[in-house]
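Please consult the sequence and the model alongside the text.

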Amino acid sequence: MSLAAYDTLILSDLHLGSELSRARDARHMLQQASFRRLILLGDIFSDLNFRRLSKEHWKFLGCIRKLSNPKRGIEVVWVEGNHDQGLTNIMSHLVGVRVYQEYTWVFDGLRHLAIHGHQFDRFVLNNFLFSNVVSMLHLHMQKMDFERKRISRFVDRFNTRWLRLSSKVALGALAHARLRNADRIFCGHTHVALEREHEGIAYYNTGGWTDSCPTYITVDSEGVRIHEYQRSDDRDSGEERSEDDSALADFADAAGLPEDFEYKSAGS
Ligand SMILES: [Mn+2]
């Protein structure tokens with residue numbers, strides 16, 4: 001039996017359902033890595049409309065389902081983000097993982113804490129309506145600019161800079177870690193990978209999987225490392241929408257769900 005290379009692997013902000021989601025890359029990365037614990041640190045979904053999921057998006061969920069099989073001995077946890085809020089029940093049934101608001105664990109005698117990070121983004125909290133309008137506009141742009149995805153990517157980066165999210169989330173997270181007596185705190189949400197230390201507490205941001213340079217974080221006895229995912233080829237995914245339910249059927253099959261499984265809870 002081979003030993004897991006990493007104690008923990010963390011990724012966030014895959015935004016399944018969005019045209020920009022790099023679901024296939026994320027799945028390939030997970031299939032190549034070896035770890036004892038996997039933390040999906042929020043905004044794995046873009047919204048709760050399952051009709052937007054492409055075949056590759058379902059394949060990613062199938063991969064998570066396999067990883068969470070108790071026989072694998074891997075602990076898979078889902079920490080809720082602002083985009084996948086309300087998925088708790090669906091997720092625990094669909095892919096067999098537990099959902100947390102924040103998750104803590106001890107490794108190497110250090111207290112680790114994972115929380116998505118929108119909790120420290122006062123703009124999202126105070127301007128809920130405005131944020132939703134921006135999200136909707138963004139989604140429409142993605143649809144219209146299917147062939148010019150770069151524009152949407154630019155909007156992503158522009159939003160981030162405009163809101164000065166990176167620093168805000170880092171500061172809020174460091175304060176939160178102090179309150180919770182954590183030595184290391186991990187967030188996503190900003191889509192910008194980052195590492196900071198303040199008064200003995202280390203902050204890490206996992207970045208995201210909607211941009212040209214997807215990132216993830218690993219924790220082992222050597223410490224914490226931010227990795228940039230390198231794809232082996234530069235083909236664009238060219239994913240088709242799942243007009244029929246064949247992708248869902250594949251997923252249901254891989255997930256070991258009964259043949260008469262129907263997805264009914266999505267619309268409610
Ligand atoms: Mn978020």
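In which loop does glycine 117 lie? Glycine 117 is found in the loop between strand E6 (110-115) and helix H4 (122-126); helices (H or I, at least four residues) and strands (E, at least two) are DSSP runs, numbered from the N terminus.

This is a predicted model, in which local features need pLDDT of at least 70 and side-chain atom pairs count only at pLDDT 80 or more, while totals for chains, interfaces and linings use all residues. Residues are numbered from 1 along each chain as its sequence is written.

Glycine 117 counts as buried because it has 33 C-beta neighbours inside 10 Å. A residue is buried if 20 or more other C-beta atoms lie within 10 Å of its own, exposed if 12 or fewer, and partly exposed in between, with C-beta atoms placed from the backbone. Setting aside neighbours within four places in sequence, glycine 117 is in contact with Val169, Ala173, Cys187, Gly188, His189 and Thr190; contact requires C-beta atoms, placed from the backbone, within 7 Å. Glycine 117 and alanine 170 are 8.5 Å apart, C-alpha to C-alpha, although 53 residues separate them in sequence.

The protein chain has eight helices and eleven strands. Of its 268 residues, 37% are buried.

Beyond four places in sequence, alanine 114 touches Ile10, Ile39, Leu41, Val79, Glu102, Tyr103 and Phe186.

## Arginine 22

Arginine 22 is placed in the loop between strand E1 (6-11) and H1. With 24 C-beta neighbours inside 10 Å, arginine 22 is also classed as buried. Not counting residues up to four places away in sequence, arginine 22 touches Trp209, Thr210 and Pro214. Aspartate 211 is 189 residues from arginine 22 in sequence and 8.0 Å from it in space, C-alpha to C-alpha.

## Packing of H1 and H2

Helix H1 (residues 23-32) packs with helix H2 (residues 55-67) at an angle of about 25°, their axes being 8 Å apart; axes are lines fitted to C-alpha atoms over the stretch in contact, and angles run from 0 to 180 degrees between N-to-C directions. H1 is therefore roughly parallel to H2, a class for angles under 35 degrees.

The contact involves Ala23, Arg24, Ala26, Arg27, Leu30 and Gln31 of H1, together with Glu56, His57, Lys59, Phe60, Cys63 and Leu67 of H2.

Methods. Two residues are in contact if their C-beta atoms, placed from the backbone, lie within 7 Å. Angles under 35 degrees count as roughly parallel, over 145 as roughly antiparallel, 65 to 115 as roughly perpendicular and the rest as oblique.
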